Amino acid sequence: MIAHRILNKCILLFLFPLFVAAQEESKASQELFVALYTTGSSWDKEKSPGQQSYFKEHSAFLSGLRKDSVIVLGARYSDTGMLVLKAQSLQAATDLLQSDIAVKEKLFNVEVHTFNPFYKGCLD
């Protein structure tokens with residue numbers, strides 16, 4: 001029994017660095033994408049944003065992405081919302097944002113594009 005525990009610990013000690021390296025490689029292979037949000041066909045122009053159906057769920061969805069460090073930057077310009085996010089591929093980024101109930105229910109339209117900054121700059 002003791003030999004079995006020692007063997008398990010040795011295996012874990014051997015595999016742990018491989019697990020950490022795989023996680024770091026996965027993070028390094030993530031790309032940046034920009035998502036552009038506009039109001040969809042379900043948006044009621046007579047209501048404020050907080051009164052829109054699915055708006056609270058949308059806010060909670062984005063909050064979770066910020067908490068998980070998927071969202072790098074968020075901004076608005078004119079009537080467009082913009083997110084810069086990390087994902088493994090354009091399809092993965094698109095699928096993720098299409099899973100938002102507010103997008104599914106057409107409160108928002110979202111377009112996702114590859115984002116290739118030529119100057120990363122600095123935001124405080």
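Q: In what sense do strand 1 and strand 3 pair, and over how many bridges?
A: Two strands pair if DSSP finds at least two bridges between them. Strands are DSSP E runs of at least two residues, helices are H or I runs of at least four, and both are numbered from the N terminus. Here strand 1 and strand 3 pair in the antiparallel sense, over seven bridges. Val34 stands opposite Val84 of strand 3. This is a predicted model: local features need pLDDT of at least 70, side-chain atom pairs count only at pLDDT 80 or more, and totals for chains, interfaces and linings use all residues. Numbering starts from 1 along each chain as its sequence is written, and side-chain values use heavy atoms, with hydrogens and water left out.

Q: How do strand 1 and strand 4 pair?
A: Their pairing is antiparallel, with seven bridges. Take Thr38: its bridge partner in strand 4 is Asn109.

Q: In what order do the elements run?
A: Read from the N terminus: α-β-α-β-β-α-α-β. That comes to four helices and four strands.

Q: What does a positive phi look like here, as in Ser78?
A: Most residues other than glycine have a negative phi. Ser78 is not a glycine, yet its phi is positive, near 50 degrees. Ser78 sits in the turn of the hairpin, in the loop between strand 2 and strand 3. Ser69 is another non-glycine with a positive phi, about 60 degrees. Its place is the loop between helix 2 and strand 2.

Q: Which residues does Asp79 touch?
A: Contact means heavy atoms within 4.5 Å. Leaving out residues up to four places away in sequence, Asp79 touches Tyr37 and Thr38. Asp79 lies in the loop between strand 2 and strand 3. At 69% relative accessible area, Asp79 is exposed. Asp79 and Thr38 are 41 residues apart in sequence, but 6.6 Å apart in space, C-alpha to C-alpha.

Q: What share of contacts comes from residues 24 or more positions apart?
A: Count the contacts with a separation of 6 or more. Residues 24 or more positions apart account for 70% of them. Asn116 lies in the segment after strand 4. Asn116 has a relative accessible area of 62%, so it is exposed.

Q: How many residues are in the largest nonpolar core?
A: Nonpolar side chains tend to be buried together in soluble globular proteins. A nonpolar core is a set of buried Ala, Val, Leu, Ile, Met, Phe, Trp, Tyr and Cys residues, joined through side-chain atoms within 4.5 Å. The largest one here has 21 residues, and those with the most contacts inside it are Ala35, Tyr37, Leu85, Leu97 and Phe108. Strand 1 (31–39), helix 2 (55–67), strand 3 (80–87), helix 3 (90–98), helix 4 (101–104) and strand 4 each supply at least two residues of this core. Helix 2 gives the largest share, four residues.

Q: What does Tyr37 touch?
A: Beyond residues up to four places away in sequence, the contacts of Tyr37 include Leu62, Leu83, Leu97, Val103 and Phe108. His58, Asp79 and Asn109 are also among them.

Q: Which residues form a nonpolar patch on the surface?
A: Patch residues have over 30% relative accessible area and no salt bridge; like charges are joined within 9 Å, and nonpolar side chains (Val, Leu, Ile, Met, Phe, Trp, Tyr) within 5 Å. A salt bridge is a side-chain nitrogen of Lys or Arg within 4 Å of a carboxyl oxygen of Asp or Glu. Areas come from the Shrake-Rupley method with a 1.4 Å probe, and for residues only the protein chains shown count as cover. Val72, Leu73 and Leu123 form the patch, with about 280 Å² of accessible area together. Leu123 is in the segment after strand 4. At 65% relative accessible area, Leu123 is exposed.

Q: What share of the residues is buried?
A: Buried residues make up 24% of the 124. The protein exposes about 9,300 Å², and carbon and sulfur atoms supply 58% of it.

Conventions: Buried means under 20% relative accessible area, exposed over 50%, partly exposed in between (1.4 Å probe, protein chains only).
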